Amino acid sequence: MIREEVESNIKSGIRLISPECALPASIPGDNLKCLVETAHRLRP
């Protein structure tokens with residue numbers, strides 16, 4: 001789900017991909033890692 005959301009946002013023209021300001025401690029680290037890796041892979 002994370003990967004698909006990041007890809008969708010980038011393909012729609014959104015240039016800034018980041019988590020919200022206040023992340024709950026329950027967010028798995030792998031989700032954040034996936035967000036960063038996907039954004040770097042797809043950056044223009």
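Start with the largest pocket: about 320 Å³ of space lies in it. Keep in mind that this is a predicted model. How do you find a space like that? Rolling a probe the size of a water molecule over the atoms shows where empty space is left.

Now the lining. The largest pocket is lined by 16 residues. Closest to its centre are Ile-2, Ser-18, Pro-19, Glu-20 and Leu-35. Two elements give two or more residues each to this lining: α1, residues 2-11, and α2, residues 29-42. The largest share comes from α1, with four residues. What classes are in the lining? There are 11 nonpolar, three polar and two charged residues.

Next, the helices. The chain has two helices and zero strands. Two packed helices are described by the angle between their axes and the distance between the axes. Here, the axes of α1 and α2 come within 9 Å. They cross at roughly 35°. The crossing is right-handed.

Which residues make that contact? On α1, look for Ile-2, Arg-3, Val-6, Glu-7 and Ile-10. On α2, look for Asn-31, Cys-34, Leu-35, Thr-38, Ala-39, Arg-41 and Leu-42. By class, the contact has seven nonpolar, two polar and three charged residues.

Last, the whole chain. Its C-alpha atoms fill a box of roughly 30 × 20 × 15 Å along the principal axes. How much of the chain is buried? Of its 44 residues, 14% count as buried.

Conventions
Residues are numbered from 1 along each chain as its sequence is written. This is a predicted model: local features need pLDDT of at least 70, side-chain atom pairs count only at pLDDT 80 or more; totals for chains, interfaces and linings use all residues. Side-chain values use heavy atoms; hydrogens and water are left out. On a 1 Å grid over the protein atoms alone, a cavity is a set of points where a 1.4 Å probe fits but cannot get out, and a pocket is an open set with protein on both sides within 12 Å along at least five of seven lines; lining residues have an atom within 4 Å of a point. Grid points are joined across faces, edges and corners, and a volume is the space filled by probe spheres set on the points. Ala, Val, Leu, Ile, Met, Phe, Trp, Tyr, Cys and Pro count as nonpolar, Asp, Glu, Lys and Arg as charged, and the others, Gly among them, as polar. Axes are lines fitted to C-alpha atoms, for helices over the stretch in contact, and angles run from 0 to 180 degrees between N-to-C directions. A crossing is left-handed if the near helix is turned anticlockwise from the far one by less than a right angle, and right-handed if clockwise. Contact means heavy atoms within 4.5 Å. Buried means under 20% relative accessible area, exposed over 50%, partly exposed in between (1.4 Å probe, protein chains only).
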